[in-house]
Each structure stands twice: as structure tokens, then as C-alpha cells.
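Please open the model in your viewer and keep the selection tool at hand. The stops below are meant to be taken in order.

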Amino acid sequence: MQASEFTQRFDRLFGARPRIYRAPGRVNLIGEHTDYNDGFVMPAAVAFSTYVGIAARPDRKLLIRSEEFAGDFDFDLDHLPPRRTGGWCDYMLGVATVLQQRGCELNGANLLVHGEVPIGAGLSSSAAIEVASALALLSLGKTQLPLPEIAQLCRKAENEFVGARVGIMDQFVSCMGKAGHAILLDCRSLDTKYVPIPADVRLVVCNTMVKHDLATGAYNTRRAECEEGVRYFAKYDPAVRALRDVSPELLDQHARDLPETIWKRCCHVVRENQRTMEAARALASGDLGRMGELMRESHRSLRDLYEVSCSELDLMVEAAENLPGFCGGRMTGGGFGGCTVNLVRQDNAQEFAAQIAGRYKRATGITPQVYTCSAENGVQALS
Ligand code: GLA
């Protein structure tokens, strides 16, 4: 979308010229359900973005509008609702609330949101609106915050205000993404390493077009199961604060003592962390064969051990096999629907997209959406 077009629309609505912030969605190449276990993830920001336009008001009101999402929302900055309202404005309200709690002085403002990240596809539309809103709201005040702190505040808004117990991955990559690179992120220390994606490789993202209802409940159950695993392993090694601290050796020693479900969850997380670190090395050295194998292993582990896949995701993953130029693929994001991510040689990407869509349609009767992406930069101001 052009900034000039958005400016005109904003002007028609509010009679002012806005500052505009654009924040991207993401795909995760590997490292799934590891972020809330203090582990490693390797996502990339993609070109689907959310735009937030902002202009100051003389009073303390926040007027929030969107052209895609229904509802006009008017709030008073000094009396923001204490908890979520159930509307899409909650992401922005949550961010305004945590920024004020952090001591940032916010100004009254008119805000317009334009979202291009497919909703419910597991591409982090919520992180994109949070991050763009944070930058927009901060731009009218005096406080400047470093991007990693903004990512943490946006996560806090989603955890405490919206009520989704997500990890740090999505907000972090929406802030810190870099064109042509994936980010290897240590979710405990927030240390980052940018890993170049070979220039002749595309990220082909395949949307199954389904989102099963159990996603949110299952996410919280998985978190609780991981916490149970931590309590168990901490009895044997007091240094264990999160599953990140459980070594493969410690895990294997207790394979028979843990309840089976808990063992399976722990097994996924411990090995996924190892796969993610190895994947960063493989990708950086251009070893796409190994990178692809690790992505396939990750998918099998999410399907069989963590049990967050679904038949549509499995069919989409299978549909990629043997297509020319395909290096490897897996489900991406929380699971139970949404998208797969595939590494595909650039020359084959277009044909791959057509073939996989046909195979998936024949297997499920559903017409998928297929997006051919590259890694993009994180949040930015548009002039
Ligand atoms: C969702 C959450 C992330 C992460 C993934 C699973 O996308 O928002 O924090 O936990 O699920 O890897």
C-alpha cells in the first residue's frame, strides 16, 4: 500500500496529515513452541504488514478507526478500560495501557488502522498491530524506547490485557526483522543473530484456510504441561528454570518416569531447541539439504510429540514433497491450522505454488492461498 493513499484516506476521515508506521507479520522457519520455554526460535518478518496512522488531538481522547475491521472506538486516555473489551481495538488499548504503566506520557490521538496480514492464518497479525500502534503512540510523546523493549511491552499487552499467554517471538521479529535474513533469537537473553537466507531461496507460505477452535485452549494446556515438566526436572537439577535448561541427556534419563504426555511435550521442546541452533548453522552455510531435513523433523515432532498439527497442515506438508526446487517445509506458528512455510529455489517458486495449491485442493477440497515471500525489515516509519 502507498503511504500517499493512506494519508489521503486519513485526511478524509480526520482532516489531518498522519504519521504512519508499518509493522510486519512473520513466518517462523524453525523453533516452534520454544519461545515460552526460554528457548530458541528462528523467524523472519514478511511483507504482509499492518499500517497505523496517527495525528495528535488537543484533548485526551483516543479515536480508533479501521477500514477493514468493523466498529468505531472512542476512549479517554485517563480512563482506559481495565481489561479487554472483546473488540479488535484491544490490541491498541493494551499497548496504550502498558505504555502508560511504563511511565510513557501519551497524547490524545486520532488513529487509523489498515491491516494486510491475513487474520487467523498464524502470521502474527496481532503482533503487527501491537508493534505499529506502539511506535505510533510513542511518536507523539517524549519517551523513546529501544525496539527490544517495545517488543517486550507489546507482548505484555497481549499477555495481560488481551489475555493470550504468547511468547516473545512474534513481537520481537516484527520489531527487529531484517531484509534477507532470519533472526536466531535466544528468548531468554534476547540475544540475536541475523542469519542470511540464500538470495536464490523464497519462503513459500501456504495457507490451509482452516483454524480449528481448540487453538487457544490447547496453547494454554501446552504451556501448563511444559511447566509441569520444569517442576519435575527441577527436582533433579535445581538449575532447571525452564525447559531450555533440560539437556537431552537429562531428558533421556527420565524417559520412563514422566507421565507420557509430559515426556512427549518436553521431548519436543528440548530437541526443537537443538534443531533450531543447528538450523541456524545450516542456513548460514547454505546447507539447504540439512536445513530442509531439520524443518521436516520439526514438523513430525509438532505432529507426534507436541500434537499441535492437524490433518490439513499435514496434507499441506506432504503436498510439497518431490516438487522441483523444494528444500524443506513445516507448519509455522501455534498450529491447529494456519500456514506451512516452505523453502523453495527461486526459479521453481512460481511452479511450486501452483502445484502445491492443486495437490492440496485435490486432497481436501479447499482452495488454499499461497504467498511467495522474502524476509523483510521490521517496523518502520513511512514518510
Ligand atoms: C504463537 C505465539 C508465539 C509462539 C508460537 C509457537 O505464534 O504467539 O509466541 O509461542 O505460537 O511457536
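Begin by selecting D72 and R65, whose side chains form a salt bridge in which the closest N and O atoms are 3.8 Å apart. D72 counts as exposed because its relative accessibility is 58%, whereas R65, at 14%, counts as buried. Bear in mind throughout the tour that this is a predicted model.

Next, select E67 together with R9, where another salt bridge has an N to O distance of 2.6 Å. E67 belongs to the loop between β3 (61-66) and β4 (73-76), while R9 sits in helix α1 (residues 3-14), so the pair ties together parts that are 58 residues apart in sequence. With a relative accessible area of 16%, R9 is buried; E67, at 40% relative accessibility, counts as partly exposed.

Now move to R290 and E278, a salt bridge whose closest N and O atoms are 2.6 Å apart. Here R290 lies in helix α9 (residues 288-304) and E278 in helix α8, so the link joins parts that are twelve residues apart in sequence. Both partners are partly exposed, R290 with a relative accessible area of 23% and E278 with 26%. For the model as a whole, the count comes to 25 salt bridges.

Stay with helix α8 (residues 260-284) and select R265, which has its place there. At 4% relative accessibility, R265 counts as buried, and its side chain makes a polar contact of 2.7 Å with the side chain of E225. If you display the surroundings of R265 and leave out residues up to four places away in sequence, you will find that it touches R222, E225, L305, Y306 and E307.

Centre the view on L137: apart from neighbours within four places in sequence, L137 is in contact with I54, L62, M92, V95, A96, L99, L106 and L111.

Finally, colour the chain by its two domains, domain 1 (3-196) and domain 2 (201-373). Their C-alpha centres lie 26 Å apart, and the contact takes 35 residues from domain 1 and 44 residues from domain 2. Between them the domains bury about 3,200 Å², with 62% of that area on carbon and sulfur atoms. On the domain 1 side, select I30, H33 and R165, which supply 22% of the area that domain 1 buries against domain 2, more than any other three residues.

How many salt bridges are there between domain 1 and domain 2? The count is four. Across this interface there are also 20 residue pairs in polar contact. To see which elements carry the domain 1 side, select β1 (19-30), β2 (40-56), β6 (181-186) and β7 (192-196), each of which gives two or more residues to the side that touches domain 2. The largest share of that side, six residues, comes from β2.

Methods: Residues numbered from 1 in each chain as written. Predicted model: local features only at pLDDT ≥ 70, side-chain atom pairs only at ≥ 80, totals over all residues. Heavy atoms only, no water. Contact = heavy atoms within 4.5 Å. Helix = DSSP H or I, 4+ residues; strand = E, 2+ residues; numbered from the N terminus. Buried < 20%, exposed > 50% of the residue type's maximum accessible area, 1.4 Å probe, protein only. Polar contact = N/O pair within 3.5 Å; in protein donor to acceptor, adjacent residues only side chain to side chain. Domains from an automatic or database assignment. Buried area = accessible area lost by both parts, 1.4 Å probe.
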